[in-house]
Amino acid sequence: MHNFTYTANPGRILFGFGTLDKLADEIRNAGMTRVLLLSTPQQAEQVGAVAKSLGDLSAGIFSDARMHTPAEVTEQALKSLKSLGADGIVSLGGGSTIGLGKALALRTNLAQIVIPTTYAGSEMTPILGETTDGVKRTLRSEKVLPETVLYDVELTMSLPVEMSGLSGMNAVAHAVEALYCKEANPITSLIAAEGVRALTDALPRIARNGGDREARSDALYGAWLCGTCLGTVGMALHHKLCHAIGGAYDTPHAATHAIILPHALAYTAPAIPEAMERLRAALKTDDPAGRLYEIGREIGAPEGLQALGMPEDGIEHVVELSLRDPYWNPRPLEREALTLLLGDAFHGRPPSRH
């Protein structure tokens, strides 16, 4: 047993079917009196129904959350929050909405309640990624960690099968990287392995039958665990590549993670024998990177980065961004190997060792 540091993040979690019914009580228990509800345009109708159910507890709605948390959108939401006199934030949706809520909390120090409707897992982290002038930067701050999370499996039942798989693979990436990042520790590794097992088992079942309630519950449970991992440890090559690609080319966040995950793992695998053993057990395979690639095919993930609109000459640009401001990684970043990794990911080829 090596020396390690483990910090448990505070937070109140409600998990199950029908927990949305407890939102008003949770708002009052948190000392809020008028909350601003956040969503994307696609979930405006859904958040509108929630606002109506809250009555006077709702100060208003901002339904223009966008991927990668653009700074200009945050400024618009901040103006809305101040003009409405809101004293709390409720975010209903996936990573885009949760990111906006975190950005507002960073600037106002207001408390947040998050109601995830996807499997992204960012609701469990003190991490915020914001994009300014095409560059996405991340920060860690206790100010952005939500105080309360309502996991209501019912809200995920209508999540389209494709988005279910993609957001789930995004969460899996958090746990996979938690097994070998610089801050890895035995406690987080236990959580990570269970999160990988639960999600990778559930996602193909959801792809076959989106109405499978047990699979939906397993997936949301796994997403909670995977998000917890990202909230307690750091990041490495996988997240660096995804942040560089998303910031530069505005590619869909979850799809980018789903595509990059097996390739980043294959690149790092020779330097992480203990993590690979855990992943072999969790994924029930001798080839974890290959199995993650197969799951991508089973859930209908895009074939490669080119399908997301990234240009082929973007490979060189992403390599430059990754080397210019690298995240720590067990295997050092090598220009030629990274170029080959991104080439495989761009064309949708299976992961290979470089």
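Student: At what angle do the axes of helix α12 and helix α13 cross?
Tutor: This is a predicted model, in which local features need pLDDT of at least 70, side-chain atom pairs count only at pLDDT 80 or more, and totals for chains, interfaces and linings use all residues. Residues are numbered from 1 along each chain as its sequence is written, and side-chain values use heavy atoms, without hydrogens and water. The axes of α12 (residues 314–324) and α13 (residues 335–347) come within 9 Å, and they cross at roughly 135°.

Student: Why is α12 called oblique to α13?
Tutor: Angles under 35 degrees count as roughly parallel, over 145 as roughly antiparallel, 65 to 115 as roughly perpendicular and the rest as oblique. The crossing of roughly 135° therefore makes α12 oblique to α13.

Student: Which residues of α13 make the contact with α12?
Tutor: Contact means heavy atoms within 4.5 Å. From α12, the contact uses Ile 315, Val 318, Val 319, Glu 320 and Leu 323. Their partners in α13 are Arg 335, Leu 338, Thr 339, Leu 342, Gly 343 and Phe 346.

Student: What caps the N-terminal end of α6?
Tutor: A side-chain oxygen lies 3.1 Å from the backbone nitrogen of Ile 187. A polar contact is a pair of N or O atoms within 3.5 Å; within protein, one must be able to donate a hydrogen and the other to accept it, and residues adjacent in sequence count only if both atoms are side-chain atoms. The residue that supplies the oxygen and caps α6 is Asn 185.

Student: How far apart are the end C-alpha atoms of α6?
Tutor: Helix α6 (residues 186–208) has 23 residues. At 1.5 Å a residue, α6 should span 33 Å, because the expected span is 1.5 Å times one less than the number of residues. In agreement with this, the end C-alpha atoms are apart by 34 Å.

Student: How far apart are the axes of α5 and α8?
Tutor: Helix α8 covers residues 237–249. It packs with α5 at an angle of about 140°, which means that α5 is oblique to α8. The distance between the axes is 9 Å.

Notes. Axes are lines fitted to C-alpha atoms, for helices over the stretch in contact, and angles run from 0 to 180 degrees between N-to-C directions. Helices (H or I, at least four residues) and strands (E, at least two) are DSSP runs, numbered from the N terminus.
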